[in-house]
Amino acid sequence: MGNPLWLIARRSFAEGWVRLTATLLAALGSIALIAGSLQFAMRAQEAVSGSGASEYHLADVLVQGGTVDPDDPYAPPDGRIPLDRVASLPGVAASAGDATLRVTASRADGQAIMAAAEGRTLLRPWVADPQLNPYRLEAGRAPAADGEVAIVRHMSRAGGLGVGDTMTLTLPHQTRQVRIAGIVNVQDRSAVAVGDLVLAPPETVQRAATLPAGTWQSVWLKAAPGVSADQLRGQLAGALGDGVTVRTAESVRQAQSAATSGEGASIAGVVGMLASVAIFVGLFVVANTFGTLVRQRTRRLALLGAIGATPRQISRLIRLEALVLGAIASVAGVAVGFPVAEVIIQLFARDGFDVSASDPQFGWIALTLPAVAGILVTQAAAWRAAYRAAGVSPVQALRSSVAEPRERRWPRLLGATAIFVGACFWFAVGVAVRVNDPPGPDRTNAIALMVLFGTLLAVIGLAVLTPFFVGPLGGLVGRAGRLISGETGRLAHATITRSPRRVSSAASSLMLGVALVASVVLVTMSVNDRFQEAGRQVMAAEHAIASTARTAEGAPAPMSREVAAKVTSVPGVSRATTLTQTEVKLVSPRAFRLRVSGAEQAGLRDVLKLGGRLPELGPGQIAVSSAVMKAQGLRRGQEITARGSQGRVTLTVAGAYHDPTHLFADEALVAAATMDQLDTNAATLAVLVRGGSPQALAGAVAEVPGVRVLDRAAYVDAASQSLTRALRATYWFVGMALLLALFGMATTVSMSVGERTKEFGLLGAVGTTMRQIRAIVRWEAATVVVLGTILGLLIAMGALGMLHLTSGSSFLRPDPPGWLFLALAAGAAVATLATSALPARWAAKVPVLEASKAE
C-alpha cells in the first residue's frame, strides 16, 4: 500500500478512535470466546485422555482371570486367578493381586467427589511390594487396617480432604465410613488415566468385590533379572493354559492410552461444535459493526475517490484497518481467553465435568490458532464492507443527507437463495443420516449437528434479506407512531424507511440473540416436558430412593443395595423394587454392547409399566427393547451369549418392550437372579417404592449416608440429567454468545446514532425537543424489536421443527406454550430498549455547532 493511504489510515484511527474502539471491543469479545472455547477443548482433551500416568508402569506382565474385552481396556476380566498359582512360577520375581470395584466417594457433608473429566473412581488394593508399588506417598502412610484408605492427589484437592479426615464410600452392597491414612501420586500425577483411585488393604478389597480368599481378578508380575516381559508372557501363557489371559503391562498401557485419547478427541469435537457457534456469532457481530463503520464514513470515502483514490485503494484501506484491528483484538482476545476458559471450566465443573486438574495450554495451537482465526474473522467480516466502500461514488461527497443509496434487489435475492440452498443441503444430510443410521443418541447427535449447520446458514440468509422487511414493517410502526406520538412518529417513520440497512444491522444482531435463546429454551422445554410425560406413563411407583451424589454425566450415582431392605417394612409400603444396571458385551450371535437393567419380577408392574408385551422373566431370560431388537436383528426365543464380569452367560430372548423414558430399562431387562449371574456388583440406580409416606421412608433410610427420597417427578428429573447433559453444555456457550450478540447490537445502535449527529443537531435547531428526539430513537428501537423478534422466533421454531422432522424424536416437538413467545418478545424489548437508552440520550444532547461539523 502506498504511503499516502497509510497516512489516511493513521488519521482515520486518530480521529475515529471512539467508533473504532467499539468495533475493536466487538472483535475482542469474539476472539476471546474463540480462544476460551479452544483452551477449554484442549484442557478437556488432556484431562479426559489422562496424563499418561499408569498404575502398571512398574509391572512387566499381567495375568488376568478368564477373558478380557479387547474393546474396553478398563473393563475387569470375567474370571478369577489364584495368586499362589502364579507367584511360584519360574521367571517371576514379584507378584501382587489386583481387583477393581467402582465406588462413589463423598465428603463428610455428603457432597460427592467427582473424578477428573469423565473418569471413574475405583477401589483397588494397596501394593506392598516396592518392586510393583506404583503409588508414591505425598503425605501420611499406607493403609494398614480395615477402614483405612489412601487416595490420589486429585481426590484430596477436589474434596478438600487431608490425612486423618473421613469420607463415605458407597460400595455395591454397603455404605461405610473410611479414614484417609495417606495421599499418593502416580508418576508425579494427580490421577491415572482411568480416573481416581481409593486404595485399601487387600483383604478389604477382596471382601468388597466378593472375591474368594486368595483369588483376584488380575495378578501383577515383575520379571526376574534376565527375563524380558515378552519372554515371561510366553512362558506363563504356556504354563497356565486357556483359562487365563496373559498380557504384557506395556500392551495394556498402550491400549488405555489409545482409548483415552479417543475419548479426549470426542470431547474436544463436541466442544469444538459448540465453539463453532461462538465463531459464527463473532463473525456476524464484527461484520455488522464494520458495515456500520463504513456507512458512517461514506462522505469521507467519497472525497477520497474525488481526489483520485481508486476503488481498489479504498478497498485496501478498509482491509488494512481490519487487519490492524484484527491484530490488536487477536492479541488481547487470546489473553482474555484464559479467564474465559476458567469461567467455562468452573461452570462445567458444577455440572459434573471437572477438568480443573489440567494445566493451561500455552502451545502454539492454543496461542496461534485463535489469533489467526481472529484476523481471518475480521478480514472476512470486513470483506463486504470493503466491497461497499470501493463502490462509493465521488458524487456522494456533495450530499448532506445520510440517506442510503438505492441498491439493486436481485443480488441480495440471488445471494439469499444460494445461502438457503446450502441450508437445505445440510437438512437433507440430516434426513439421510436418519434413514441410514440406527436409532440412538449417536444418530440424534449427528442429525443435530447437520441441523445446526443448516440453521446457521438460514440465519445468514435471513440477515441478507432483512433490509427488505424494514420498509413494510417501518410503515406499520410509523402508523402506530403517528397515532401515538403525532409528528414525532412521522419523523421516526421517515428515518426508519430512509436507512433500511442501518435498522437491519441492529435487527440482525437481535435476531441472532433471540434465535439463540429461543432455540435453547424451546428444546429444553420440549425435552423436559417429554421426560415428565413419559415418566408419568412408566413409573407407577410414587417414590424413588436415590443417591444424593451424581455421576460425571449428572444422574444420581449408584448406591448400596442395603437400602431396599430398610424400606420394605415401612408402614404402607406395598412394593419396594431395587433397580440395578450393568453393561455387558454380546458375543453371539453378533458382537455389540448392551446396557442391561435388573429388577425383581414379582410385582414389577406395580412400580414400572413398560410398553409392549413384557412377560415375567425367569432365570436365564432377557427382554430386549424393540429398538435394539430391530437394530440387531434379534427375535423372540433366540439364544444369545453375553460376556459379563462373572464370565459368559447364555440367555434366551423372552420378548420385546419399550421404555419411552429411556431411564429405567432403556435397552434390556433381566430378573435379579440373572443380573447376579452377569454382575454381582451391578450398580444400584434406585429403589422404586409403592406406598408409604415420604417422611416414613426418609426416617427408614436416615442411617444410610448420601441417599434421599424423591417423588416421581423429582426422580425423573434427576435421572434424566445424564441424557440432557449435552443440552446443558450449550447453556454456557449460548449465554456467552448471547452477551456478544447483545454487545454487537448495542455497538451498532450507538454507532448509528453517531452516524446521524448532524441530523439530530439540525432537528434540535428547528425546534425538536430532547424528548421528541429520544422518542424517535425509541420508535426505531421498536422496529428493531419487532423485526428481530419475529425473525429470531422464526429461526428457532424452524430449527426445532427440522430437528423433529429429521430425527423423528418425540422429545423434540415444536409445540411451545403461547406464553413463551410473549416472554421472549418482552425480553427482546427490554434488551433493545436498554441498549438504546444511552444512545437516545446522546442523540438528544447533540449541540447544533457540533452537528454542523459532523461528517
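Biologist: Which residues of α6 are buried?
Modeller: This is a predicted model. Buried here means under 20% relative accessible area. In α6, the residues that are buried are L232, L236 and L240.

Biologist: Why do they lie on the same side of α6?
Modeller: Take the three leucines L232, L236 and L240, which are buried. They share one side of α6 because the arc they cover around the axis is only 45°.

Biologist: Which residues are exposed on the other side of α6?
Modeller: Exposed means over 50% relative accessible area. On the other side of α6, the exposed residues are D230 and G238.

Biologist: What do the buried residues of α6 pack against?
Modeller: Both helix and strand elements take part. The helix is α3 (83-87). The strands are β1 (61-65), β3 (92-98), β13 (218-223) and β14 (244-248).

Biologist: How far does α6 reach from its first C-alpha to its last?
Modeller: Helix α6 spans residues 229-240, which is 12 residues. At 1.5 Å a residue, 16 Å is expected. The model comes close to that, with a reach of 16 Å.

Biologist: Which residue just after α6 takes a positive phi?
Modeller: Helix α6 ends at residue 240. Just after α6, a phi of about 85° belongs to G241.

Definitions and conventions: Residues numbered from 1 in each chain as written. Predicted model: local features only at pLDDT ≥ 70, side-chain atom pairs only at ≥ 80, totals over all residues. Heavy atoms only, no water. Helix = DSSP H or I, 4+ residues; strand = E, 2+ residues; numbered from the N terminus. Expected span 1.5 Å × (residues − 1). Buried < 20%, exposed > 50% of the residue type's maximum accessible area, 1.4 Å probe, protein only. Arc of directions from axis to C-beta. Contact = heavy atoms within 4.5 Å.
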